[in-house]
Amino acid sequence: MEEMSPDNIHGVILAVSSSIFIGSSFIIKKKGLKKAGVSGARAGEGGYGYLYEPWWWAGMITMIVGEIANFAAYAFAPAILVTPLGALSIIFSAVLAHFILEEKLHMFGILGCVLCVVGSTTIVLHAPHEQNIESVKQVWHLATEPGFLAYSAVVLVVVLALIFYYEPRYGKTHMIVYVGICSLMGSLTVMSVKAVAIAIKLTFSGMNQFKYFHAWIFIIVVTICCILQINYLNKALDNFNTAVISPVYYVMFTTFTILASMIMFKDWASQSGLQIATELCGFVTILSGTFLLHKTKDMGNSTSIRGSTSHSPRDTPVFVNSGSSRSSNSTRPSIL
C-alpha cells in the first residue's frame, strides 16, 4: 500500500467535513418541506412554498457549506477517493432521521453504517494519487475525448427521457425516477466541479485559468446540473423516506461518478490489479451497508406498530411508493 500523498490527505479531510454538513442538511431541509406541505402544495406536487420556510433555507445553507468543502476536496484528490466518502453523509442522515424525524434506525441499520465506514476506509487507503494537471485546457482535452463525449451523450438522453416521459407518469410512485435524474446529472456535475476546482487552485497559485473560455463552460455546466439536481432532489425528499433516499442516491451517484471519472480522468490507469480490486471490494462493502440500511428501514418501527395496531407492517419493494392517501404532515412518507 502506497503512502497517502499530502493532497489526498487534504482531500479526505475536506470530504469528511462535507459529509457531516450534507448529511445534516437532508434532515433540516425535510423539516422545512414538511412544514411547507401543511399550509400549501407539497414540493412533490409542484409547489414551491418551501422557499418561504426558514428551515428549508437553513438546510440549503448547510448543504452549500458542505458542497463548498466537497468542491475544494476535488481540487486535491481524485473523484474515486472523494465521492465514496459521501457514505458518511448517509450515516449522519440516517442517525439524525432516527432522532429528529422519528424514522427509526434498526440494529441492522447500525451495522449498515459500520459497513459504510469500513468500505470508505478501504477506498481511502488504496485510492490513486491525483494527476498532475497544469491547465484547465488539459481538463478540457480529457472532457472532449470520444469516450467521455459518448458517456455524456448517453447520460443526457436518459435524463431527458426520465424528465419528459417517466417523471410525469411514475415520479410520485417510483423513487428511481427522481434519484436517477439526480445521480446521472451528478456524475457530470462532479467532472465539471473538479475542472473548476482545479482552475481555482491553479489561479490562486499564480496561473490565471479564467482567461480561457474552457473554465467558463465548465461553470455553466455546473450551474445547470446543480439547479436540476436541487429541484428533483426536493421532489424525492418530499415523496419518499429520507433514510431510503440518502443511501440509494449515494449508491447510484457514486457508481455513475466513478464510471465518469474512470472514463475521463483514467484514475485506474496507474494502479495495479490488486489495488483496483481492493477499491472495488471497499465499494461493494459500502453498497452492502446501504443495502442493509434500506432493507431494515421499517424494522425499527415494527415493534411500536405491532403494539399499537392489529395491522402488521408491509414488506415493500425497493423503489415504489404506494401512492396511498396520507396527510401532508405525516412523519414518514410511506414506501411500497
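Reply: The model is predicted, so local features need pLDDT of at least 70 and side-chain atom pairs 80 or more, while totals for chains, interfaces and linings use all residues. Residues are numbered from 1 along each chain, and side-chain values use heavy atoms, without hydrogens or water.

Me: How is helix 7 oriented to helix 8?
Reply: Helix 7 (residues 146–170) packs on helix 8 at about 155°, with axes 9 Å apart. That makes the pair roughly antiparallel.

Me: How many nonpolar residues are in the contact of helix 8 with helix 9?
Reply: The axes of helix 8 and helix 9 come within 8 Å and cross at roughly 150°. Helix 8 is therefore roughly antiparallel to helix 9. Their contact holds one charged residue (Asp, Glu, Lys, Arg), five polar (the others, Gly among them) and, counting Ala, Val, Leu, Ile, Met, Phe, Trp, Tyr, Cys and Pro as nonpolar, a nonpolar group of 19.

Me: What space lies in the largest pocket?
Reply: A pocket is an open set of 1 Å grid points where a 1.4 Å probe fits, with protein on both sides within 12 Å along at least five of seven lines. Volume is the space filled by probe spheres on the points. The largest pocket holds about 840 Å³.

Me: Which residues are closest to the centre of the largest pocket?
Reply: The lining has 35 residues, each with an atom within 4 Å of a point. They divide into 22 nonpolar, twelve polar and one charged. The closest to the centre are Ile 22, Met 63, Glu 67, Asn 70 and Gln 229.

Me: Which helix gives the most to the lining of the largest pocket?
Reply: Domain 1 (1–103) and domain 2 (129–270), from an automatic or database assignment, both give lining residues, so the pocket lies between them. With eight residues, the top contributor is helix 2.

Note on methods:
Helix = DSSP H or I, 4+ residues; strand = E, 2+ residues; numbered from the N terminus. Axes fitted to C-alpha atoms, helices over the stretch in contact; angles between N-to-C directions. Parallel < 35°, antiparallel > 145°, perpendicular 65-115°, else oblique.
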